[in-house]
Amino acid sequence: MSAEYTLDLDVLNPATEEVVATVPAATAADVDTAVVHATKAQVRWAALAPGDRARLLRRFAVTVDEHLEELARLEVREAGHTIGNARWEAGNVRDLLDYAAGGVERLTGRQIPVPGGLDVTILEPLGVVGVIAPWNFPMPIAAWGTAPALAAGNAVILKPAETTPLTALRLAELALEAGLPEGLFQVLPGHGPVAGNALVEHPGVAKIVFTGSTAVGKQVLAKGSALLKRVTLELGGKSPNIVFADADLEAAAAAAPMAFLDNSGQDCCARTRILVQRSAYDRFLDLLAPGIESVRVGDPADEQTQMGPLISKVQLERVRSYVTDDLHGIRGKAPEGPGFWFPPTLLTGVDPHARVAVEEVFGPVAVVLPFEDEAEAVALANATDYGLAGSIWTRDVGRALRVSQAVRAGNLSVNSHSSVRYWTPFGGFKQSGLGRELGPDALTAFTETKNVFISTEGPAQ
Ligand code: NAD
């Protein structure tokens, strides 16, 4: 291993900067060993009766549910998530496993009419799947790839982010406790360019599910393509929140703060470009300001806290670099002292082409930009390389549909900011990603389609 990468990973509590755990960082050799175990386990797993695989995944879901509070507390400690969010996240893992388990016996091929025989398609597992997860939602995003991959008959090797390996490691223990076979779901904490890269370059790994930055996602795609590896990418976003003057402005203003502040803005779907029709701009800002100033930022373990710290010092510096002294707007409060704190920040009067208006900040920072009419709203919404999510606030149904069709993004919501459900598809347009996760087709994305023709011609007379 290169000297620039540590042999261990120190896991810090982002609210206190205390080391809460130290775990060994996996090497490329560890990845090789894991692939050997996974390959063997996958063959046995795929040979199980579908009902038995489903039962084991349901048992895994029940085991996660029984440890929900423990997992949530671990997420608070390693990621600084508010306890309310962390409970939701652990529950999301349970629900994903349950939903995927329901798909095992329903993963059917097709029968296609052909002359002279019978033609059927068979959906076969890919083999070993590598899931490379980020730190912003360590548990749910790990499970988005893992649950459907396992359900479709694959083995999974999960590489969590350097900063957040603890919940992933605990999930692997719970999988064994629930009765999943050894080697089927392995977790290898490690450095991205070492363990992550080894997974991407390993010929025994059939598919990589990557969530993280667009820059690394492009590298993963390029390296994976050398082996014709299947690759799914969930990358960044710079999502618009479009507020028309005819909207319920009170409701739109009440929802806008947490739409970019939830998880301290470290959310690829964060609505960080608030576009407001000029005729409603002043009124909207008046309604919005108290909602930002009063957000409760502090100890994430406190049930009343709405926003915790950023994940790391690196991320704090990154966020700070976007909020330069010449910019102004509405600021909330954040604790002083240890911890990676940054206050809720809404910037006004920003040039729509400025870095902070087009790049993903991944912190509690948004810009508010005025627009004149629907055409300008759509043009502004699309004036970014990203295309992950977006919201449209209007009382005009026709406009809601027109704008939904015109905005180039994978996940839109009307009069709401909700865009992620485990049973609906999720993924990005443009530089926000490749492929879709979740939803009714999630399992199919972890299969290869085989076509088999069976001749019905009898023996020659
Ligand atoms: P990153 O892309 O570096 O890390 C994401 C995952 O990829 C981690 O597990 C990491 O270890 C792994 N990784 C890193 N380099 C790798 C490589 N060469 N080969 C294989 N795997 C590799 O993201 P980051 O540095 O943690 O965050 C930087 C920025 O990325 C953030 O500020 C944010 O803008 C964006 N981001 C987006 C998401 C998202 O959900 N879309 C998540 C995390 C970060």
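A: Let's start with L228, which is exposed, with a relative accessible area of 66%. Exposed here means over 50% relative accessible area, buried means under 20%, and partly exposed is in between, with a 1.4 Å probe and protein chains only. Before going further, a word on the ground rules: this is a predicted model, where local features need pLDDT of at least 70, side-chain atom pairs count only at pLDDT 80 or more, and totals for chains, interfaces and linings use all residues. Residues are numbered from 1 along each chain as its sequence is written, and side-chain values use heavy atoms, with hydrogens and water left out.

L228 sits in the loop between α8 and β9 (230-234). Helices (H or I, at least four residues) and strands (E, at least two) are DSSP runs, numbered from the N terminus. The backbone at L228 deserves a look too: phi is near 50 degrees, a positive value in a residue other than glycine. L438 also has a positive phi, near 60 degrees, and is likewise not a glycine. That residue lies in the loop between β19 (433-434) and β20 (447-455). L438 counts as buried, at 6% relative accessibility, whereas L228 is exposed.

A pocket, on a 1 Å grid over the protein atoms alone, is an open set of points with protein on both sides within 12 Å along at least five of seven lines; a cavity is a set where a 1.4 Å probe fits but cannot get out, and lining residues have an atom within 4 Å of a point. The largest pocket holds about 1,300 Å³ of space, a volume being the space filled by probe spheres set on points joined across faces, edges and corners.

In total, 46 residues line that pocket, and W135, A161, E162, S213 and V216 lie nearest its centre. By class, the lining comprises 21 nonpolar, 15 polar and ten charged residues. Ala, Val, Leu, Ile, Met, Phe, Trp, Tyr, Cys and Pro count as nonpolar, Asp, Glu, Lys and Arg as charged, and the others, Gly among them, as polar.

The structure holds five cavities of 30 Å³ or more, and the largest cavity has a volume of about 70 Å³. Its lining consists of F60, V93, L97, A142, A143, T146, A147, L171 and F185, divided into eight nonpolar, one polar and no charged. G103 and P148 are 45 residues apart in sequence and 8.3 Å apart in space, C-alpha to C-alpha.

Another buried site is A252, at 1% relative accessibility, in helix α9 (residues 249-261). Leaving aside neighbours within four places in sequence, A252 is in contact (heavy atoms within 4.5 Å) with V243, F284 and W393. The C-alpha atoms of A252 and S391, 139 residues apart along the chain, are separated by 10.0 Å.

Finally, helix α13 (residues 374-382) buries E374, A377, V378, L380 and A381. They cover an arc of only 165 degrees around the axis, taken from the directions to the C-beta atoms, which puts them on the same side of α13. These buried residues pack against β10 (240-243), β11 (273-277), β14 (365-371) and α14 (397-406). Within α14, A400 is buried, with a relative accessible area of 8%. Not counting residues up to four places away in sequence, A400 touches I392, T394 and V414.

As for confidence, pLDDT is the predictor's own score for each residue, from 0 to 100. The mean for the chain is 97, and 99% of its residues reach 70 or more. Among the elements, strand β12 (residues 328-331) is lowest at a mean of 95, and strand β6 (residues 155-159) highest at 99.
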